[in-house]
Amino acid sequence: MGPFELIVIVLVVLVIFGPKNLPKLGKSLGQTVKNVREGMEEGSDDKKDEKSEEAAKDAEAEDVVEESADADAAEDAVFCSHCGHKNEAGAEFCSKCGSPLSK
């Protein structure tokens, strides 16, 4: 936008609203911009707080799940007598070498 366009816009606004209402219009426009900025700052702060809280909860939950999954997997694991590969508890054959698993 050049200076000519800005002058045209100011003249059109002046004609539409009149010189008496122009200060009121500017004040309300300024308050609106201020409220929008404050709302955006509040929203970003709230989102940051929520994200950090959710990340902490997710990390704790993942640690618990990993620990319980490791414990369950170690108890249910069957090792191949031929190659030593760890297989699931219900497996009949080794997933690595294909030899039958002893039960």
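Val8 counts as partly exposed, because its relative accessibility is 36%. The scale behind that label runs as follows: buried is under 20% relative accessible area, exposed is over 50%, and partly exposed is in between, with a 1.4 Å probe and protein chains only. Val8 lies in helix H1, which spans residues 3–76. Helices are DSSP runs (H or I) of at least four residues, strands are DSSP runs (E) of at least two, and both are numbered from the N terminus.

This is a predicted model, in which local features need pLDDT of at least 70, side-chain atom pairs count only at pLDDT 80 or more, and totals for chains, interfaces and linings use all residues. Residues are numbered from 1 along each chain as its sequence is written, and side-chain values use heavy atoms, with hydrogens and water left out.

**Overall layout and confidence**

The protein has one helix and two strands. From the N terminus on, the order is α-β-β. Of its 103 residues, 8% count as buried. Confidence is given as pLDDT, the predictor's score for each residue from 0 to 100. The protein averages 78, and 68% of the residues score at least 70. Among the elements, H1 has the lowest mean pLDDT (76), while strand E2 (residues 86–87) has the highest (86).

**Helix H1**

Val8 is one of the residues in a nonpolar surface patch of about 880 Å². Patch residues have over 30% relative accessible area and no salt bridge; nonpolar side chains (Val, Leu, Ile, Met, Phe, Trp, Tyr) are joined within 5 Å, like charges within 9 Å. A salt bridge here is a side-chain nitrogen of Lys or Arg within 4 Å of a carboxyl oxygen of Asp or Glu. Areas come from the Shrake-Rupley method with a 1.4 Å probe, and for residues only the protein chains shown count as cover.

Ser28 is also placed in helix H1. Ser28 is partly exposed, with a relative accessible area of 35%. Its side chain reaches the backbone oxygen of Leu25 at 3.0 Å.

**Strand E2**

Asn87 lies in strand E2. Asn87 is buried, at 6% relative accessible area. Its side chain reaches the backbone oxygen of His85 at 3.1 Å.

**Cysteines**

How many disulfides are there? The count is zero. A disulfide is a pair of cysteine sulfur atoms within 2.5 Å.

Cys80 is buried, with a relative accessible area of 5%. Cys94 is buried, with a relative accessible area of 5%. Cys80 sits in the loop between strand E1 (78–79) and E2. The C-alpha atoms of Cys80 and Pro100 are separated by 7.9 Å, and the two residues are 20 residues apart along the chain.

Definitions and conventions:
Polar contact = N/O pair within 3.5 Å; in protein donor to acceptor, adjacent residues only side chain to side chain.
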